[in-house]
Amino acid sequence: MSIGDLAQSFVLRQRSTDLKQQMARLTQELTTGQVADVRQAIKGNYSYLTEVERNLEVLNGYKAITTEAGIFAGNIQTTLGRFQEVGAQLANSLVVSAIGATSGGTTEESKAAVDALVGVLNTTSAGRSMFGGAAADRSPTETSDVLLSELKTAMSGAANPDDMFIAAEAWFDSPTGYDLAFYRGGSTALSDVRLSNTDQVTFDIRATDPKLKKSLLFASVAALANDPAFDLDETQISEVFNRAGTSLLGASDSLTSLRAEVGVLEARLDSAATRNATEMSAIELEKSALLQADPYEAATKLEEVQFQLQSIYSVTVRMSKLSLANFL
């Protein structure tokens, strides 16, 4: 032995520690498939790896945004479906009532339908109003009572169904009517939602959309048909019900068109999500290839390290049995 016992003990301990560290590293590489020493794998050039990881973070952000936007669009689609359903049910009741049913029950049903339609317009998604434009932090409309009260005032003086519908349409179309007295939302759409570096969408369906206003208009006129302020006879009330019901059926087609626009938006969101997922998978494969460990090489080296470690243990045991008597 060229070195003393204490020094030999230190050498063996240091070598044992080094082999254990190599074993831990090789075991990690063998189980994860990724190199443990990133710096050595990329030769100290972190710029490329940093760019890859940054792209993954950006795509993860777009993934969250696209998912949230998809949920928002889906809720709008569902809400519009409910809006259309309420209008269609009322339309059928009005048409049936116009040909023989009593007006009292139909009037109450119309008021309930107006209340339901207004409630639908004030539906929220994740705490944001869906039909209020940029003012997503508050309800986009007043209550149904305010709507009927304002419309009744606008139609005051109407002596027949023609006058009522003309006055109602004028109030709904006037900037100082429906948009000012009933609508509380923003005058602009929600901010654009960016889905990728090159793609973005805009949610711009507000309670002031003419397709939505049509259903509210005809349902509201029907709800006021039996009001004493207009003093209509049964024949005139039936005429109001018939015109309102027929018009509501026509408005349903407009709502179908509006829902189709939302469907196109949903398709764009799905397409963007698919593109982002594909790009993310490609970048993850690129990163994996960059940091991939060779499993056969790792297994071979691990076996060598295990053999060396066992050898050190054997040497240590043999050295521990040395004595002067054995030496002599």
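## Cavity

A search of the whole structure, a predicted model, finds one cavity of 30 Å³ or more. A cavity here is a set of points on a 1 Å grid over the protein atoms alone where a 1.4 Å probe fits but cannot get out. The largest cavity holds about 30 Å³ of space, a volume being the space filled by probe spheres set on the points.

Its lining (residues with an atom within 4 Å of a point) consists of Phe83, Gln84, Gly87, Ala88, Ser215, Leu248, Ala251, Ser252 and Leu255. Helices α3 (46–98) and α9 (234–291) each supply at least two residues of this lining; helices are DSSP runs of H or I with at least four residues, numbered from the N terminus. By class, the lining has five nonpolar, four polar and no charged residues, with Gly counted as polar.

## Packing of α6 and α8

The axes of α6 (residues 161–173) and α8 (residues 210–224) come within 10 Å and cross at roughly 140°. Axes are lines fitted to C-alpha atoms over the stretch in contact, and angles run from 0 to 180 degrees between N-to-C directions. α6 is therefore oblique to α8, as angles under 35 degrees count as roughly parallel, over 145 as roughly antiparallel, 65 to 115 as roughly perpendicular and the rest as oblique.

In contact (heavy atoms within 4.5 Å) are Met164, Phe165, Ala168, Glu169, Phe172 and Asp173 of α6 with Lys213, Leu216, Leu217, Phe218, Ser220, Val221 and Leu224 of α8. These comprise nine nonpolar, one polar and three charged residues.

## Basis

Residues are numbered from 1 along each chain as its sequence is written. Local features need pLDDT of at least 70, side-chain atom pairs count only at pLDDT 80 or more, and totals for chains, interfaces and linings use all residues, while side-chain values use heavy atoms, without hydrogens and water.

Technical notes: On a 1 Å grid over the protein atoms alone, a cavity is a set of points where a 1.4 Å probe fits but cannot get out, and a pocket is an open set with protein on both sides within 12 Å along at least five of seven lines; lining residues have an atom within 4 Å of a point.
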